[in-house]
Each structure stands twice: as C-alpha cells, then as structure tokens.
Amino acid sequence: MTRPGASPATVARSGRAGGVSAPSTRGALSLVRTVQDGLAIAWRNLIALRRVPRLLIFSTIQPLVFVLMFRYVFGGVVQPALHGVDYVDFLIPGIFVQTAVFGAMNTAIGLATDMDTGLMERFRSLPMARSAVLVGRTTADLARNVFVVALMAAVGFAIGFRIHAGVPAFLGAIVLVLAFGFAMSWIFAVVGMAVGDPETAQAAAFPVLAPLVFASSAFVPVATMPGWLQAFAEHQPVSRNADAVRALVLGGPTATDVWQALAWDVAIVAVFAPIGVWLYRREP
Amino acid sequence: MNEAIDVEDLGKRFGAVTALESVDFRVAAGTVFGLLGPNGAGKSTAIRILTTIARPTAGRAFVLGHDVVRDAATVRSMIGLAGQYAAVDKNLTGRENLRLIGRLTHIRRSRVRARAAELLERFDLAEAGDRPARTYSGGMRRRLDVAAALVPDPPVLFLDEPTTGLDPQSRNALWEMIRGLVADGTTVLLTTQYLEEADQLAERVVVIDRGRVIADDTPAALKARLGNTVIELDLEEAGRGEWAAQLVSARFSTRADVEGSRLRLTSHDGSRPLLDILRLLDAHGLVPGAVAVHESSLDDVFLELTGRRANAAPESARTSPDES
C-alpha cells in the first residue's frame, strides 16, 4: 500500500541517478528481468570458478579416480556379466552420469556458502528476481558440467572407450547427461538452502548421493543385485539416465530409455525448483 | 515533516524469544537516524524487517510510504543495505562486485560502468579495484560493502554497524561520506554500538534495549536530560566508594552511582560542584586517588537508562538469533 504523504519524495529521488527503477508488473518485462538477473548471478559464479581453479580441479579428480578404479580394478569382475559388451563402453556412460550427479553437490555447497557469508542477505534486499540466486547457481553448475563431462569423454577415449551409434547420438547422450546434472542441481539447491552452511551441506549431500549412484546401473548391471534392491535400482533416476546414455552410445533401441530419463529430469525440476525458491523467499 | 521511514508498533518473535516489542519511530527524510543498543538488543532485527529480509510478527513499517511487507518489491528498489559482516563476493574484484549489484538493481550497463568507477574512486579503492576482494583488508572490504549499497544511488540507506572493526581513520572517512550523502538528500538509518558515532552523525536517536525503545530523542536532549557534565572520583576502596556516595547523596541533589571504588555523578552546572564535593569528602577524611571530569556522552546516557554499559556483554549470552 502507498501512503500519500511520502510519494513526492520518492518521485523526486528516484529520478536522480536514473538508477532506481520502479518494479514492473508487466509479465514480459519481468520475465526478461528474471533471465537477466539469473545470468548476472551465473556470471558471478563462473568468475569464482575461473579465479579459484581448485573448485574445478577437485570436481575432476574424483571422477578420474572412479574411471581408473572401475576400469582397471573392478572391470575384470564385471566383464563376464555384460554378455559381450566391453566394460569400458559400459562404464563411461555411467561415469558421465555419476559425474553430473556428484557435481550437483557443488550447487548445495555454493548456495550454503552464500548464506554463510551474508551475501544472500544482500541479495534478498535487492530488487532482483526471487529465483535468480538459484537459477544463476544451477546455470553456472551446468556450465561447469560441460567442461567436466568433456574432460571425462577425453579420458574415456584415451582408455579405450568407443562410440557405436554415431556422433549425433553421442552428442544427444551428452545433452542428456547435462540435463540430468541440471535437474540434480535443483535437488541440491534445496539441500543447500535448507542447511545453510557449507560443511553441513557437504555432509548432508553424501547420504543422498551414495545410494542413488551405487545402487544403480551406472557401474554394474543391476541383474546381479538382490531382488528387493533391483526393484529400486532399476527404476531410480540415475539408472534410467545411465541406461538412456548407454543406449545412445552403444546403439539399439533408445526411445523408451530417453523419454524416461527426460521425464525424471522434468519431474525433479518441477518439484524441487519451487521448493528451492520458497526456501529463498522464506526468511532465514 | 517528510518521513522516509515510519515504524508503527513493530514486533518480532522467534518462537518464545521476543526480539522486538512495540517499537515505534519515525525518520525524517534527509537526516541521519541512529538506532542504538547493545548486542542482541534487536537493532539488526529492525534493519532486517525494514529491508524486507525478515517479516514482522506484529505492527507495520513503511519506507518512503511503502509497506515493507505488502509492497516489498517497491521498497527493495529504494533502499541500500550495508551489513554487519562485509557481504561482498570475495572471489570477484571490487569493480566486479559493484557491477554485479548494478546489474541486479537494473541500472543501464553504460551507467553501471561509470558508477562503479566513481564509487571505487570515492572509497579510495580505485587502485585495488581490479584485485579480488579476497585480497582486501577488513577495512577495504567494509568500504566496498558500503560502496555496493550505494550503487543504485538509493534514497534510503541502511547501515548495520558500518564502522565495527574499522580503524579510526577509516571510521572518520566513512563519517565524512555519510555526511556528504545526507547533504545530497539521502536518508540514513544506522545502527551502532558506538555511542560516539550516533553523537557525531545522528540528528535523532532511538535507544533500544531487549527489543524495546527506551529513549527517542536528539543526542543533545538526551545528554541534557542527564546533565552535561560527568564527574568521576576513584576512592580506591569499595567500602569508601559506598560511604562517599552516601555522603554526597545526602548533601547534594544529584544522584551518585557507585561502581566498586568509583563514584560517578552528573552535573548540570559544569565542574562547579566538584569543589564542594571534594571539601565534603575531605572533611570526612576521604581523598580520591583520581578525579575525572568530562562532557557526558551517549555512553553515559546508556548507562543511566539501562544501568549497564553499552559495550558490556549482555547478561544472557544472546537474546535474539539475529546478531552474530
């Protein structure tokens, strides 16, 4: 509500710098603003990545260790269960998905750090879109994933991974991996906003991640798991995405796997993005 | 009078803890207003409500006529906030920090560039402007924080303990800057534990203690109410301090407070009563080891109002979760 007495001062002052602008109620303009605000935050997060390279280095070392460990330590054990597919071709699509999932942890840590340092308080007092801090963070993490997944592909090719269904399908697989990473970022955005400090965010993230990544088809075929676990492992999003990516890389029918994977992505964002924004709006 | 901020019967509870209760005050446009109180008094809670970060559980507040709850988006476009802990992105350079705020407050790009350069210059950060804020000293980070609040040239500026931890030189520079802003028409609400700061800057102060307003006046009137001069005598032994206080209170109209061996009196008549007091004490064989006479400060006012010093640690560790 506006009280009459004070408005002249408002008008006189807001013209001064040409800077303070009235909020728009028009949808189109506010959508443009929302995108601009999100990009501004993404830009800021990517600068941090460039300036503190260890953030990037740590998120590449871990999947690298996994590639080498699974390829050369467990690979021999898994090979007979694969019925003719090379383990390295089975593994690398799983590694892509696992990399995207683990990378999403950075979303939680980044947001929790912003809360911890007080930066989030400042953002809350600015006339920016209420979704921008979260959109900016998940977008920056998507950009980081592009780099990490590309690197993992290079490593994969170096240790014998080959694509069997052509380059367009392989690029489709990469897009699928990135979409899944983006969706997972929204889950971890909620984790980060809920816990509010980086150490707790990291500690809280792992118990969510471990069952999703290991009780899945990312590294081994689910057929060798006990029945009760198979039921979960077969249908959970990491497996659906790993299978879809694998189908696009190895060849064979892809439509069902790809649609299921995309359905998971959409469902995750549809549920977690509103919760994340609600947590941001909610007073700390 | 044109009001920039209007707070009506404001209350804030966190579960069972009451951080603010029935707080009322008004801030005239184009003035500096001081919100004073010890740690945990509720100052930051009040600022967070006025800057739309927190919601009141009772009462209403208006910034330039706009309700901070119902019209939060409009309020956000009219305010600047510099927090207690310097909230800048340490990985960005000073210039990038300012440009980020410029983009998020929707200033034209060409204007953002000029504004960032101008503020870096004004806050003596021009040379460090292209270094990551991580490399800044505490004082530099604090200055950058205030500069960030000023990027959109907001008509109302909130400064939450802006000089905490600053060296005297930086503090004076910030005071000068605040005076300059107000001369240009900005309204400034600042919270502080340093009563001298409010004394130096504020036209009007509200003192809050445990979430309630305990004084609302000009610094001069508050000091006059108490007496312009404070006389302190040290009798060097607790027992003697007590005795001296009884003697002085019986003979003179002024009240005498004792803190251990120290006796503290206020005077409306400068240091004139000091001679009479010394003669009285001398007659009873009491000779103070130290005597001090000074102009009463808001520190003395706070002590008078609450019975505690403003900088003393609060009795219960923290009364509200907002001030860290």
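Okay, some ground rules. What we have here is a predicted model, in which local features need pLDDT of at least 70 and side-chain atom pairs count only at pLDDT 80 or more, while totals for chains, interfaces and linings use all residues. Residues are numbered from 1 along each chain as its sequence is written, and chains are lettered from A and ligands numbered from 1 in the order in which they are written.

Let's start with chain A. It has 12 helices and zero strands; helices (H or I, at least four residues) and strands (E, at least two) are DSSP runs, numbered from the N terminus. The C-alpha trace of chain A spans about 80 × 35 × 35 Å along its principal axes. Of its 284 residues, 45% are buried. Buried, by the way, is when 20 or more other C-beta atoms lie within 10 Å of a residue's own; exposed is 12 or fewer, partly exposed is in between, and the C-beta atoms are placed from the backbone.

Now, contacts. Two residues are in contact if their C-beta atoms, placed from the backbone, lie within 7 Å. Take the contacts in chain A between residues at least 6 apart in sequence: 81% of them join residues at least 24 apart.

Here's one residue to look at: Gly136(A), which lies in helix 7 (residues 132-158) of chain A. Why does Gly136(A) count as buried? Because it has 25 C-beta neighbours inside 10 Å. Skip the neighbours within four places in sequence, and Gly136(A) is in contact with Gly38(A), Ala40(A), Ile41(A), Ala42(A) and Asn45(A).

Next, the nonpolar cores. A nonpolar core is a set of buried Ala, Val, Leu, Ile, Met, Phe, Trp, Tyr and Cys residues joined through C-beta atoms within 7 Å. The largest one holds 157 residues, and the members that touch the most others are Val97(A), Ala108(A), Leu176(A), Val245(A) and Val63(B). Helix 8 (residues 167-195) of chain A gives the most to this core, with 15 residues. Another core, of 12 residues, lies apart from it, and includes Val230(B), Leu265(B), Ile277(B) and Leu281(B).

Strand 4 and strand 5 (residues 66-67) of chain B run antiparallel, joined by two bridges; strands pair if DSSP finds at least two bridges between them. They form a hairpin with two residues between them, and Leu64(B) in the turn has a positive phi of about 50°. Strand 4 (residues 58-63) of chain B also pairs with strand 1 (residues 3-14) of chain B, antiparallel over five bridges. There, Val7(B) stands opposite Ala61(B).

Last stop, helix 5 (residues 138-150) of chain B. Its 13 residues reach 19 Å from first C-alpha to last, close to the expected 18 Å, where the expected span is 1.5 Å times one less than the number of residues. Helix 5 of chain B is largely enclosed by the rest of the structure, because 11 of its 13 residues are buried. Among them are Met140(B), Leu144(B) and Leu150(B). And what covers the buried residues of helix 5 of chain B? The cover includes strand 6 (79-82), helix 3 (94-104), helix 4 (109-122), strand 7 (156-160) and helix 6 (168-183) of chain B.
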